[in-house]
Amino acid sequence: LLVNQTSYTIQDMVSIMADRLKSNKVYNIYLNKKSYTELIEYPASTCYNRKYVYDVMSLEPTGLCDDKLDIAQPEDIGSILKALIDEYGITEDNAFYDIVTETAITRLLNNSYVVLRENDAILSQLYICEDANDVFIKGVLTPKQYRGLGHAKALLKQVISSYANKGKTLHLIVDQSNTPAKKLYESLGFRITDTLYSYMIT
């Protein structure tokens, strides 16, 4: 169990959740067959009890390595946030607004966001989390006005190339029902390697 970057055994989850669920919060628990778990806390007003199922798709990139990734800069935060807010359909009075904004700013300041741009326009974006052996590609998003032009695929190709022959495995998490995204990832060589279950409970 991962809580604020601290690892716990699966058995600890029961006692942790029993204590935390006494508070007025919502918790998002991620579980997969490899016993990876993550606990995310949200304000109680943001959601309700529900379950999502995702496919984990993985790739070990080969070929020539090209490290020329466009890392998002502080001045890009406006464009990144607009794409996120438009995608989620949230407004400033929505309980998720502060969470989305603060998280995006933190990721940008940590140099986690990678973008594909043309002049001053960000055509597609994603962020990267990595450790010694694995790279997780998350938040793949193309603003609505630029969709259908292959920008997400071009950005993913850049990321794959940047990790070629570095001994790391790339992973993407995609909703099982998102067939277009799964076809895109498969066209780039990703294959389903695991299933991830997300439970949101109050």
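This is a predicted model: local features need pLDDT of at least 70, side-chain atom pairs count only at pLDDT 80 or more; totals for chains, interfaces and linings use all residues.

Me: Which residues of α3 are buried, and why do they line one face of the helix?

Reply: The buried residues of α3 are Tyr97, Val100, Thr101, Ala104 and Leu108. Viewed down the axis of α3, these buried residues lie within an arc of 95°, so they line one face of the helix. An α-helix has 3.6 residues a turn, so residues three or four places apart point the same way. The residues asked for are therefore Tyr97, Val100, Thr101, Ala104 and Leu108, and the reason is the arc of 95°.

Me: Which exposed residues does the face of α3 turned away from its buried side carry?

Reply: Exposed here stands for over 50% relative accessible area. On the face of α3 that is turned away from the buried side, the exposed residues are Glu102 and Leu109.

Me: At what angle do α2 and α3 pack?

Reply: Helix α2 spans residues 77–88 and helix α3 spans residues 95–109, and their axes are 10 Å apart. Their crossing is right-handed, and the residues of the contact divide into eleven nonpolar, one polar and no charged. The two helices pack at an angle of about 145°.

Me: Which residue in β7 does Val115 stand opposite?

Reply: β6 pairs with strand β7 (residues 121–130) in the antiparallel sense, over six bridges. In the hairpin of these strands, which has two residues between them, Asn119 takes a positive phi near 60°. The residue in β7 that stands opposite Val115 is Gln125.

Methods: Residues are numbered from 1 along each chain as its sequence is written. Side-chain values use heavy atoms; hydrogens and water are left out. Axes are lines fitted to C-alpha atoms, for helices over the stretch in contact, and angles run from 0 to 180 degrees between N-to-C directions. Helices (H or I, at least four residues) and strands (E, at least two) are DSSP runs, numbered from the N terminus. A crossing is left-handed if the near helix is turned anticlockwise from the far one by less than a right angle, and right-handed if clockwise. Ala, Val, Leu, Ile, Met, Phe, Trp, Tyr, Cys and Pro count as nonpolar, Asp, Glu, Lys and Arg as charged, and the others, Gly among them, as polar. Buried means under 20% relative accessible area, exposed over 50%, partly exposed in between (1.4 Å probe, protein chains only). The arc is that of the directions from the helix axis to the C-beta atoms. Two strands pair if DSSP finds at least two bridges between them.
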